[in-house]
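Subject: Handing over the structure

Hi,

Please open the structure below and keep it beside you as you read.

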Amino acid sequence: MPVRHAGAARWAFNHALGMKAAAHNEWRRQVQELTRQGMPEAEARKTVRVSVPTKPTIQRHLNQIKGDSRSGGLPEGVHGPARPSPRWHEVNTHAFQSAFIDADRAWTNWLESLRGARPGRRVGYPRFKKKGRSRDSFRLHHDVKKPSIRLASYRRLRLPTVGEVRLHESAKRLGRLVERGEAVVQSVTVARGGHRWYASVLCKISMHVPQRPTRRQRERGRVGVDLGVKHLAVLSQPLDPADTASAFVANPRHVRQAEHRLVKAQQTLSRTQAGSARREKARRRVARLHHEVAVRRGTVLHAMTKQLATRFAEIAVEDLNVAGMTRTARGTVDKPGQRVKQKAGLNRAILDATPGELRRQRAYKTSWYSSTLAVLDRWWPSSKTCSACGWQNPRLTLADRTFHCGNCMQAIDRDLNAARNIAQHAVTAAGRPVAPGRGQTRNARGASVGPPDPRVGRQDAMKREDTGVPRPVPPQRSDPLTLFTLGALSHKTPSEGDRMAPTTLALGEMEGVHGERPEEVVILREGCPEMILRNGLHAVADWSWLSAVDPGETPGLSPTRRSPASSRTHRPRARPAARARR
């Protein structure tokens, strides 16, 4: 019976969408006709008016043309195509009506997204549902004054027309809420997931929502969450104050655990003949394995997001571009990509961690448990900035799992460092301007126009953490001699007098970051890197700006040695002009 209702709902959705698409095609035909007659297209679009049928119109039309298997086919002597939906009387009418409502919503979402009135990603043209590809589901409503959707017992749910179905889990909590009058059943959505059917009961519940965080939440304050692959999440402070290891949430890697069984099941499926019974059996086996992976993943995500929402007053996260992070590296025929297989494995690991689903769950659970969600701009270099002093390392790669600060000499796990940066610099919704509609805090290229960030100079809005042409920076971890020399010196907070009287230290020829052997002179102020001379250039290192000046223009400062290549006049490299917006 659920299969029949799901098929009827799928047919009703396709029928309603077909009528809407027919009206849209008629509008396009009339516009093209006026355009051929010489009318401008913009004026023709405003002139033509074709009404798109909605649920009431589609429902009346179906009642006029539908057949009835109880009375046979067409009347005797009448020829023509068979009437649609002859077994409508075997299915609850709400399965049809809810499908018509879904078709109206899909059409409205597309139109609003086309006009720019709908926030979020662009919604495409509504597509028809195909049997075997779309999820089998249907929704039933009832009269709340005469409820037909109710619990027969804690283990049995009664659905109109379908009858009583046994539940896998106990519905005692729902039953007691209904008995006390605290919950009113509105509808039920039945959907197939793998080898099981799930009934999602929508209720109107009277509950107390706290207006402010609890005392325990206020004591813990804000927590920064850095999502990743090595660890599912790294927190700026542990979940359990007594256990520091709880700051690192292990990544279960559900797909990798089920990879062997999935490979065997998919191989078996590929060797079957299309349309055979063995192929259907193999297909159900693959679907069951994927469903089990999804259930295990959802259990871990819900447990973690609830702990975060109930234990902390604020949850700080990054605004990750998951679609961009998991974009393929295949390239084109003219410009083929590199390391495509490695990038595909990374994409698979990122999608297995489901950072988008984590963000979605945190968004609504924070409102349930009176906590607040703070978001850090996606272009803020959280992994490349020291959480203690703000020093930046733009040459940090994914292979560097430990962040070494060249300023305060802090050595910390890169994910923990990023989590602390997120906790320090994330902004809540009250602190950033958010206008209704298509997100007014983003420009046409997807870059933030909100609060400033401590990035070095001005970077092009291309990637989450800029990996373009490196600018002059303080000594990096890949300069072992430099770090050794700096580590041997005492460090203290620089004062204004230290900036005016730096100390010069010559390192001579050494291996450069990119394999070169330049002449380098590091100018220090009491153990803190102030400037670097590469081939005769002074690179002034500041936490908010990096610039290059000629050594001859800086009085009182001169390199100890100069290479022959540095005898020529050196000028700062001009910054490339920003690309024009499309």
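Here is what turned up, going from the whole chain down to single residues.

**The overall picture**

Please keep in mind that this is a predicted model. The protein chain contains 15 helices and 19 strands. Of its 582 residues, 37% are buried. The chain exposes about 34,900 Å², and carbon and sulfur atoms supply 52% of that area. If you look at contacts between residues at least 6 apart in sequence, 59% of them join residues at least 24 apart.

In soluble globular proteins, nonpolar side chains tend to be buried together. In this model, the largest nonpolar core has 32 residues, and those with the most contacts inside it are Phe96, Phe100, Phe138, Leu140, Ile149, Leu159 and Val188. At least two core residues come from each of helix H1 (2–36), helix H3 (55–65), helix H4 (93–115), strand S1 (137–141), strand S3 (156–159) and strand S5 (183–193). H1 gives the largest share, eight residues.

A second core is separate and has 21 residues, including Val225, Leu239, Leu301 and Ile315.

Val249 sits in strand S9 (residues 248–250). Is Val249 buried or exposed? With a relative accessible area of 17%, Val249 is buried, because the cut-off for buried is under 20%. Beyond residues up to four places away in sequence, Val249 touches His231, Leu232, Ala233 and Met304. Val234 is 15 residues from Val249 in sequence, yet their C-alpha atoms are 6.1 Å apart in space.

Ile412 has its place in strand S13 (residues 411–413) and is also buried, with a relative accessible area of 8%. Not counting residues up to four places away in sequence, Ile412 touches Thr402, Phe403, Asn417 and Arg420. The C-alpha atoms of Ile412 and Thr402 are separated by 5.6 Å, with the two residues 10 apart along the chain.

**Aromatic pairs**

The count of aromatic pairs comes to seven. One of them joins Trp110 and Tyr125 edge-to-face, at 4.8 Å centre to centre and with 75° between the planes. Trp110 lies in helix H4 and Tyr125 in the loop between H4 and S1, so this pair ties together parts that are 15 residues apart in sequence. Trp110 is buried at 11% relative accessibility, whereas Tyr125 is partly exposed at 35%. Trp107 belongs with Trp110 and Tyr125 in one aromatic cluster.

**Salt bridges**

Side chains of opposite charge can pair when their charged atoms come close. How many salt bridges does a search of the whole structure find? The search finds 23, and here are a few to visit.

- Arg139 and Asp102 meet through their side chains in a salt bridge (3.2 Å, N to O). Arg139 is in strand S1 and Asp102 in helix H4, so the pair ties together parts that are 37 residues apart in sequence. Arg139 is buried, with a relative accessible area of 17%, while Asp102 is partly exposed at 23%.
- Glu26 and Arg29 form a salt bridge between their side chains (2.7 Å, N to O). They are three residues apart in helix H1, and about one helical turn separates them. Glu26 is partly exposed at 29% relative accessibility, and Arg29 is partly exposed at 44%.
- Glu280 and Arg284 form a salt bridge too (3.6 Å, N to O). Both lie in helix H9, four residues apart, or about one turn of the helix. Glu280 is partly exposed at 33% relative accessibility, and Arg284 is partly exposed at 46%.

There is also a network: salt bridges that share partners join Arg4, Arg87 and Glu90.

**Out on the surface**

Ile205, Met207 and Val209 make a nonpolar surface patch of about 290 Å². Met207 lies in the loop between strand S6 (196–205) and helix H6 (215–220) and counts as exposed at 64% relative accessibility.

Arg271 is another exposed residue, with a relative accessible area of 66%. You will find Arg271 in the loop between helix H8 (259–270) and helix H9 (277–311). Arg271 and Ala282 are 11 residues apart in sequence and 9.6 Å apart in space, C-alpha to C-alpha.

Enjoy exploring it!

Best wishes

Note on methods
Residues are numbered from 1 along each chain as its sequence is written. This is a predicted model: local features need pLDDT of at least 70, side-chain atom pairs count only at pLDDT 80 or more; totals for chains, interfaces and linings use all residues. Side-chain values use heavy atoms; hydrogens and water are left out. Patches are made of residues with over 30% relative accessible area and no salt bridge: like charges are joined within 9 Å, nonpolar side chains (Val, Leu, Ile, Met, Phe, Trp, Tyr) within 5 Å. Accessible areas come from the Shrake-Rupley method with a 1.4 Å probe; for residues, only the protein chains shown count as cover. A salt bridge is a side-chain nitrogen of Lys or Arg within 4 Å of a carboxyl oxygen of Asp or Glu. Buried means under 20% relative accessible area, exposed over 50%, partly exposed in between (1.4 Å probe, protein chains only). A nonpolar core is a set of buried Ala, Val, Leu, Ile, Met, Phe, Trp, Tyr and Cys residues joined through side-chain atoms within 4.5 Å. Contact means heavy atoms within 4.5 Å. Rings of Phe, Tyr and Trp (its six-membered ring) pair if their centres lie within 6.5 Å; planes under 30 degrees apart count as stacked, over 60 as edge-to-face and the rest as tilted.
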